[in-house]
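Subject: Structure for you to look at

Hello,

Here is the structure I promised to pass on. Please open it next to this email and follow along.

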Amino acid sequence: MAGPQCCENPPALSSSSGHGSILELGGLKTYVSGSSNSKHAILLISDVYGYEAPNLRKLADKVAAGGYYVVVPDFLYGDPYNPENKEKPIQVWIQSHGTDKGFEDAKQVIAALKDKGISPIGAAGFCWGGKVVVELAKSDNIQSAVLLHPSFVSVDDIKEVKAPIAILGGEIDQLSPPELVKQFEEILSSKPEVDRFVKIYPGVSHGWTVRYNVEDKKAVQSAEEAHQDMLDWFTKHVK
């Protein structure tokens, strides 16, 4: 499932990007943005390129401006996927960066936030991070979930979701194609107790919400539309 589209348009990583700061949370180096006095947190879980992606940090700052304490942990332990490293193609890299470990780490981050008196908590996952977030959404770990062009998420995962969930898919996403996203929607529609929002964005491919070219007006517009839908979902459920 980690096909070529999974890794297209790699970002130029920058440890100094964003207006936030780096601290340790739940044992992980974490980019944080917004006031820790906020009692509402949003956890952003990256794609395979990790927490130093400038577009991801820019989004964290944007969410923080809405009054949230936003945390973007380094679930990849300083070893994001590097397409230049021919020794470690994505199929090899993914073996030592499983989403199951990401899920266990995410629970530690959530526990650390709750220890600080910060709750409710929403979580959004991009590509690789989408699988981690769907696992969190199966219990009361989080109060709201958003999956943006998720990878590895199955129909069976969606059947177990308990938290309100938004699924944002791309029309030309090969990892979560519209047919699969529509199946997710059908399952959720049979679970009236779970609030849902499902949308397929026209003309965009996998990774479009974080791996867009900032010079491309249309790409920026599509990404910003999805960012706004994500924010609206958190406004509705993380309160």
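Predicted model: local features only at pLDDT ≥ 70, side-chain atom pairs only at ≥ 80, totals over all residues.

Start with strand E5, residues 121–126. Six of its six residues are buried, so the strand is largely enclosed by the rest of the structure. Which way do the residues of E5 point? Ile 121, Ala 123 and Gly 125 point one way. Gly 122, Ala 124 and Phe 126 point the other way. All of them are buried.

E5 has a partner in strand E3, residues 41–45. The two pair in the parallel sense over five bridges. To find the place, look for Leu 44, which stands opposite Ala 124 in E5.

E5 also pairs with strand E6, residues 144–148. This pairing is parallel too, over five bridges. Here Ala 123 has Ala 145 in E6 as its bridge partner. How does the chain get from E5 to E6? It crosses through helix H4, residues 128–136. This β-α-β crossover is right-handed.

Most residues other than glycine have a negative phi, and most peptide bonds are trans. Here are some exceptions.

- Ser 119 and Pro 120 are joined by a cis peptide bond, with omega about 10 degrees. Pro 120 sits in the loop between helix H3 (99–115) and E5.
- Asn 9 is not a glycine, yet its phi is positive, near 55 degrees. Asn 9 belongs to the segment before strand E1 (21–25).
- Cys 127 also has a positive phi, about 55 degrees, and is not a glycine either. Look for Cys 127 in the loop between E5 and H4.

Cys 127 is in no disulfide either; the nearest cysteine sulfur to it, that of Cys 6, is 7.0 Å away.

Are these cysteines buried or exposed? Cys 6 has 7% relative accessibility. Cys 127 has 3%. The cut-off for buried is under 20%, so Cys 6 counts as buried, and so does Cys 127.

**Empty spaces**

Rolling a probe the size of a water molecule over the atoms shows where empty space is left.

The largest pocket has a volume of about 250 Å³. Its lining has 15 residues. Nearest its centre lie Asn 9, Ser 205, Trp 208, Tyr 212 and Ala 219. The lining divides into five nonpolar, seven polar and three charged residues.

The largest cavity has a volume of about 60 Å³. It is lined by 12 residues, and closest to its centre are Cys 6, Val 48, Cys 127, Trp 128 and Ser 151. Eight of the lining residues are nonpolar, two polar and two charged.

The second largest cavity holds about 40 Å³ of space. Its lining includes Phe 126, along with Pro 11, Asp 47 and Arg 211. The lining divides into five nonpolar, one polar and two charged residues.

Best wishes

How values were computed: Residues numbered from 1 in each chain as written. Heavy atoms only, no water. Buried < 20%, exposed > 50% of the residue type's maximum accessible area, 1.4 Å probe, protein only. Helix = DSSP H or I, 4+ residues; strand = E, 2+ residues; numbered from the N terminus. Pairing = 2+ DSSP bridges. Right-handed = clockwise from strand over helix to strand, strands pointing away. 1 Å grid on protein atoms, 1.4 Å probe; cavity = no way out; pocket = protein on both sides within 12 Å on 5 of 7 lines; lining within 4 Å. Points joined across faces, edges and corners; volume = space filled by probe spheres on them. Nonpolar A, V, L, I, M, F, W, Y, C, P; charged D, E, K, R; others polar. Disulfide = S-S within 2.5 Å.
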